[in-house]
Each structure stands twice: as structure tokens, then as C-alpha cells.
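The following exercises are to be worked with the sequence and the coordinates at hand. Each task is followed by a solution in steps.

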Amino acid sequence: YLFNLCVNPAWRNQGIGRMLVRRCEEEAARYGHDLLWLHTESDTTREIYTRLGYAPTYQQPSWIQLNLLNVVVAEFNEEKRREKGWVIMAREVGDQTREVANEV
């Protein structure tokens with residue numbers, strides 16, 4: 001799980017975040033993991049991770065889903081997505097990660 005990755009604003013837009021993410025993917029693959037997961041609450045951040053190959057998988061449930069239906073995590077659905085709320089994203093890691101890492 002990729003958690004709390006950030007780059008100092010003075011150092012952004014220089015590829016540092018991409019390199020950190022790719023390094024985390026390499027380590028996850030090295031330890032035998034097939035997927036790397038993360039969550040984001042920001043559409044801007046979601047767009048960044050989408051460009052890095054991550055896909056939305058789950059989203060924060062609605063009030064009704066959570067409180068009446070006991071749904072803790074809902075499958076991602078862009079049309080039913082809440083304006084605010086987290087989205088869980090995932091990317092396959094493994095052999096293709098090593099290839100992508102060479103681009104950095």
C-alpha cells in the first residue's frame with residue numbers, strides 16, 4: 001500500500017514523485033506483490049496516478065450504502081461517485097514495473 005507520498009512544493013514538477021512511485025512499485029514487486037494500492041481524496045492527485053498507470057477500483061460509499069446497507073467500500077463508478085470522498089486505486093506491479101522503471 002502506497003501511503004502518504006508527497007513532494008515538497010519547491011521540488012514538484014521535476015519527476016521526483018514519479019521516481020518515488022516507481023521505486024515503491026519496484027520494491028513491491030521485489031517482495032512478490034502483484035498489485036500496489038493507494039487511496040486519494042483529490043481529483044488532481046487521482047489524475048496524476050492515472051497518468052502513472054493506476055486505475056480507480058473502489059470508492060467511499062454513500063451515506064445510505066454505509067449506514068443502511070453496511071457497505072464499507074463500494075466498487076468504483078464514475079457516474080455515482082460522490083463529489084467529495086476517497087477513491088482507492090491500484091496498479092499491477094511485477095515484470096512490467098521493471099520496464100517502466102527504466103523510463104525514469
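A pocket is an open set of grid points, on a 1 Å grid over the protein atoms alone, with protein on both sides within 12 Å along at least five of seven lines. Its volume is the space filled by probe spheres set on the points. The model is predicted.

**Exercise 1. Describe the largest pocket by its volume and its lining.**

Step 1. Rolling a probe the size of a water molecule over the atoms shows where empty space is left. For the largest pocket the volume comes to about 720 Å³.

Step 2. The lining of the largest pocket consists of 23 residues. Those nearest the centre are V7, G17, T45, I48 and Y49.

Step 3. Helix 1 (16–30), strand 1 and helix 2 (43–51) are the elements that each give two or more residues to this lining.

Step 4. Sorted by residue class, the lining holds twelve nonpolar, eight polar and three charged residues.

**Exercise 2. Find the aromatic pairs and classify each by its geometry.**

Step 1. A pair of aromatic rings is described by the distance of the centres and the angle of the planes. Centres must lie within 6.5 Å; planes under 30 degrees apart count as stacked and over 60 as edge-to-face.

Step 2. W37 belongs to strand 1 (residues 35–40) and Y58 to strand 2 (residues 55–59), so the pair ties together parts 21 residues apart in sequence.

Step 3. W37 is partly exposed at 27% relative accessibility, and Y58 is partly exposed at 32%.

Step 4. For Y49 and Y54 the centres are 5.6 Å apart and the planes stand at 80 degrees, so this pair is edge-to-face. Y49 and Y54 are both buried.

**Exercise 3. Which pattern do the helices and strands follow along the sequence, and what percentage of the residues counts as buried?**

Step 1. The protein has four helices and four strands. In sequence order the pattern is α-β-α-β-α-β-β-α.

Step 2. Among the 104 residues, 30% count as buried.

Step 3. Of the contacts with a separation of 6 or more, 65% are between residues 24 or more positions apart.

**Exercise 4. Is A29 buried or exposed, and how far apart are A29 and E92 in space? Treat R46 and P56 likewise.**

Step 1. A29 is part of helix 1. Buried means under 20% relative accessible area; A29, at 12%, therefore counts as buried.

Step 2. A29 and E92 are separated by 63 residues in sequence and by 9.0 Å in space, C-alpha to C-alpha.

Step 3. R46 sits in helix 2. With a relative accessible area of 13%, R46 is buried.

Step 4. R46 and P56 are ten residues apart along the chain, and their C-alpha atoms are separated by 8.3 Å.

**Exercise 5. What are the phi values of N4 and N13, and where do these residues lie?**

Step 1. N4 is not a glycine, yet its phi is positive, near 60 degrees. N13, also not a glycine, has a positive phi of about 65 degrees.

Step 2. N4 is in the segment before helix 1, and N13 lies in the segment before helix 1 as well.

Step 3. Exposed means over 50% relative accessible area. N4, at 65%, is therefore exposed, and N13, at 82%, is exposed too.

Definitions and conventions
Residues are numbered from 1 along each chain as its sequence is written. This is a predicted model: local features need pLDDT of at least 70, side-chain atom pairs count only at pLDDT 80 or more; totals for chains, interfaces and linings use all residues. Side-chain values use heavy atoms; hydrogens and water are left out. Buried means under 20% relative accessible area, exposed over 50%, partly exposed in between (1.4 Å probe, protein chains only). Rings of Phe, Tyr and Trp (its six-membered ring) pair if their centres lie within 6.5 Å; planes under 30 degrees apart count as stacked, over 60 as edge-to-face and the rest as tilted. On a 1 Å grid over the protein atoms alone, a cavity is a set of points where a 1.4 Å probe fits but cannot get out, and a pocket is an open set with protein on both sides within 12 Å along at least five of seven lines; lining residues have an atom within 4 Å of a point. Ala, Val, Leu, Ile, Met, Phe, Trp, Tyr, Cys and Pro count as nonpolar, Asp, Glu, Lys and Arg as charged, and the others, Gly among them, as polar. Contact means heavy atoms within 4.5 Å.
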